[in-house]
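Here is a short report for a reader new to this structure. Look at the model first, then follow the text from one region to the next.

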Amino acid sequence: MLRREDPELLKGKARYVADVVRPGMLHAVFLRSPFPHARIVSVDASAALALEGVHAVLSGADLPGDLGPQPCNHLYHGQRETPYFALARDRVRYVGEPVAIVVAESQYLAEDARELLQVEWEELPSVGDVEAALADGAPLLYDGWPDNVAAVYEAEIGDADAAIAEADVVVRERFAIPRLFACPLEGRGAVAEWDAAVGELTLWTSTQSPHIVRDYLSWILHLPEHRIRVLVPRVGGGFGAKFHFYPEETAVALAARATGRPVRWVEDRLESFVGTVHARQQVVEATMAATADGRITAVTAELLGDQGAALHSVSYGPLWLSAVMMTNVYAIRNARVRARAVVTNKTPSGSYRGWGQPQANFVVERLVDGVARELGADPVDVRRKNFVAPEEFPYTGLFHTFDNGRYASLLARAVEVLDLPAWRRRQEAARAEGRHVGIGLTFYVENTALGPSRKLNAGGVLAGGYDIGHVRMETNGEVIVYSGLCELGQGFTNGIAQIAADALGVHPDQVTVVTGDTHACPVTGYGTGASRSASVGGASVQKAARKLRAKAMAIAGHMLEASVDDLEAENGEIWVRGSRERFVTMADVGRAAYLRPIELPEGMDPGLEAIEVHDPEWMAWPYGVNAAVVEVDVETGEVRFLDYVCVHDCGTIVNPMIVEGQLHGGIAQGIGMALYEELRYDRDGYPLTGTFMDYLVPTAAEVPRIRLAHDETPSPVVPTGVKGIGEAGAIGSPSAVAAAVEDALRPFGVRVAELPITPERVLDWVAQGTGDLVA
Amino acid sequence: MIRVRTTVNGRVREAEVEPRRLLADFLREDLGLRGTHLGCEHGICGACTILVDGEPARSCLMLAVQADGRALTTVEGLAPGDGELHPIQQAFHERHGLQCGFCTPGFLLTTHYLLARGEDLGSDEELRAALAGNLCRCTGYQNIVEAVRDAAARLSQGGLR
């Protein structure tokens, strides 16, 4: 099925937040901190306000006294609080922190006025990386803290130290994972309108989490939830960055209230580099131990997460997830992890496709390759030997319980699809010619179908993991599905329509999916993220649609004078099995339900509507293999793809076209992480990257053609069997690319433990390579 | 204020603009042609690509006054009618060459330019290099490349409108 939203998007008729126009609308820009750490002594806006057409300037001093801080909804045990506000009250902790909002008749004028703001600053010492932030005497970001550690998480199974002491081989490595950001092509933006007559705020915002935005605004502004309406226009990509709730959303709402006019703010690309949450950055010291025959006996990891200046909406959740994923898909009985969330004078870190999983996958898969290298074993064999076996599910590792998996058979299939033996032969031939070809093949697992609510709450998350599906059939037999999840371009509304249509016996064209309106759509527990839309959202809609079908069939049976058990429904028609000519349409049913209740069975209430909740029993765990073949030019440091294969299993597939598109996009982002993207900072916390000239998002020329193959093992914990696919591509690809590069550079004894693999790094590695490993 | 007279999608448009007004803002805010999207405002991402006298141009790097006397094509000018898609748009639709749609107008106009030249699209490597002036964060480009080839096949039969 092709996507229904495409024609609107292709014709340039879709309306994103920057296209929202309201009568009398004003335009806002932000003054942001130019310093990583400073005190704000004063903000003088008199010259700016004197400019004709400037309506308001608000800075920290103008914020209402009772304004709440920006909430953090993941309150892990023992974490310290890092309160920050819509506008910095008296101190800034990163370059880019919003300091003042300027509101004027046009964006041009607002930018002119911003130039006229006079701010007196008092610079403070700052730290730009985690290791400096942990050093003795490091400048502290928060008064009253003994150090810059916001939280520590520890977990252990078995006895890792004993296992390491007894091991035949032990691999140790320090991994450095760069700071990235999700970087959707559409930046953020918000339009706020304050209706003083009814005391209601309307906010159009480019978000993945409309109900979270509504609830947080309610807490911050002390407005009741039902007096805030959050509307989500078309969203130009989110990838996690728009899961978060931002200071600008609050500030724009305050500006609308202060001016009595609608106010629009649209993030420009340059401010997105410092204003939108960053992600990924960690330093991980890790160890893996194994027996001589390649059985992995232990893994340990000491993780330092660079959180930036504050714990943002999801706290250090991604770092926590990295820590608990350190056993990946392997039956490792001894594991110990410690994660420290460290604050630094940089933009706060948060969500990006995969959360902490790409980091964990990179670390574990690099270590597994290290074990194979030390043993002189085939990396494919080492993986096969250590998989959790199909009969061991449900399987619990460090924290999570995996639903099911047929890892070994999938790996075998990947070897076949790639044609690994052929590539090994080509690699040999290339080496004979002095060319450096490498093959990397790694295994990932992805956490999807996020719930269950009780587990989330017990972990400290102030949100549920459920979803509520609301399905209504209209008088004409057409169906409307209301969902609290958001369409960000991932196409989930198409899958939802297919699921509802299947359950109801109508054609998908008869189903409209409404999202992005907190006054109309039901609450979803967590927002649109964690690859949960198709799985948890789909299940709630399926439940509601089935309930509605039962009522529609009861009405149809009454009309046809037939037993419900004898009815069949498809494409909006319901007939008596065996006599296709005895039928009614859903429109007949709808008409009876709303306009002619006299036709309903005795005692039945009019109306055709159902609301059902799905709270998953546990999360689902799709998995797969990424296999990259690269050639490295040791003269220029360039890495070029010769082949790329991804073989995966995401449970039941609703729409193969969309699943493939999700993988393509995720893998491209993973290739960005592996080879190109890095938000660099100097040691004091000044950003060194701030444009697309220096932050290199991969283009069509860098991303290879990706060959895909699917297995389908339905999830036992999701009623539809659907697991989810949103993040998979981004999780497993960086480790595969790194493995391929290391394999290519094997003659130089190179170990790839830091990303991105830039030409400079490749040349350094080649120059410094030990050359003492097996060629 | 300076008077600008330009032809946009075949229609003559005249307006008084500030000398500093960006062409993209002129199209979006003054003419209401919001299909042209701004993704970076520094000329890298290509989302704002339009055709100026048939050549692709970044409307975020041009001033409205520079469009005086020129003929512009935006995404709104591609489809022949309300209920129809241009063959390039149809190819992107059928090949799933878009997800969030934000970069799509730029890709469509770049593709239009590439196909209007009437030259062979060359190898995948050459085609990908030709598309490298437009960023997409959703699709991984594979289906865009296929859509462009599909569009070329459709147009070789019907001709570029």
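Strand 22 of chain A and strand 23 (residues 573-576) of chain A run antiparallel and are joined by 4 bridges. Two strands pair if DSSP finds at least two bridges between them. Helices (H or I, at least four residues) and strands (E, at least two) are DSSP runs, numbered from the N terminus. This is a predicted model, in which local features need pLDDT of at least 70 and side-chain atom pairs count only at pLDDT 80 or more, while totals for chains, interfaces and linings use all residues. Residues are numbered from 1 along each chain as its sequence is written, and chains are lettered from A and ligands numbered from 1 in the order in which they are written.

**The hairpin**

Strand 22 and strand 23 of chain A form a hairpin with 2 residues between them. In the turn, A:N571 has a positive phi of about 50°. A:E568 stands opposite A:W575 of strand 23 of chain A. Strand 22 (residues 567-570) of chain A has two faces: A:L567 and A:A569 are on the covered one, A:E568 and A:E570 on the uncovered one. In a regular strand the side chains alternate between the two faces of the sheet.

**A four-stranded sheet**

In chain A, 4 strands form an open sheet with mixed pairing, in the order 18-26-27-28. Its edge strands are strand 18 (436-445) and strand 28 (707-711) of chain A, and each pairs on one side only. From one strand to the next, the twist averages 15°. Strand 27 (residues 639-649) and strand 28 of chain A pair in the parallel sense over 5 bridges. A:H648 has A:H710 in strand 28 of chain A as its bridge partner.

Angles run from 0 to 180 degrees between N-to-C directions, and axes are lines fitted to C-alpha atoms, for helices over the stretch in contact. Two residues are in contact if their C-beta atoms, placed from the backbone, lie within 7 Å.

| Helix of chain A | Strands of chain A touched | Angle |
|---|---|---|
| Helix 12 (residues 407-418) | strand 18, strand 26 (623-632), strand 27, strand 28 | about 145° with strand 27 |

**Helix 19 and its partner**

Helix 19 of chain A also packs with helix 10 (residues 357-375) of chain A. Their axes are 8 Å apart, at an angle of about 35°. The crossing of helix 10 and helix 19 of chain A is right-handed (the near helix is turned clockwise from the far one by less than a right angle). Helix 10 of chain A contributes residues including A:F362, A:R366 and A:D369. Among those from helix 19 of chain A are A:I731, A:P734 and A:E742. The contact residues of the two helices divide into 7 nonpolar, 4 polar and 4 charged. Here Ala, Val, Leu, Ile, Met, Phe, Trp, Tyr, Cys and Pro count as nonpolar, Asp, Glu, Lys and Arg as charged, and the others, Gly among them, as polar.

**Buried residues**

A residue is buried if 20 or more other C-beta atoms lie within 10 Å of its own, exposed if 12 or fewer, and partly exposed in between. A:W204 lies in strand 10 (residues 200-205) of chain A. Why does A:W204 count as buried? Because 25 other C-beta atoms are within 10 Å of A:W204. Leaving out residues up to four places away in sequence, A:W204 touches A:V17, A:V20, A:A190, A:V191, A:L231 and A:P233.

Helix 17 (residues 586-594) of chain A has buried residues too, including A:M586, A:D588 and A:V589. Their cover includes strand 19 (467-473), helix 16 (533-560) and strand 24 (579-585) of chain A.

A:E660 belongs to helix 18 of chain A. A:E660 counts as buried because it has 21 C-beta neighbours inside 10 Å. The C-alpha atoms of A:E660 and A:L708 are 7.5 Å apart, with the two residues 48 apart along the chain.

**Where the chains meet**

The contact takes 43 residues from chain A and 44 residues from chain B. On the side of chain A, helix 1 (6-10) and helix 18 (656-676) are the elements that give two or more residues. Helix 18 of chain A gives the largest share, 6 residues. By class, this side of chain A has 22 nonpolar, 11 polar and 10 charged residues.
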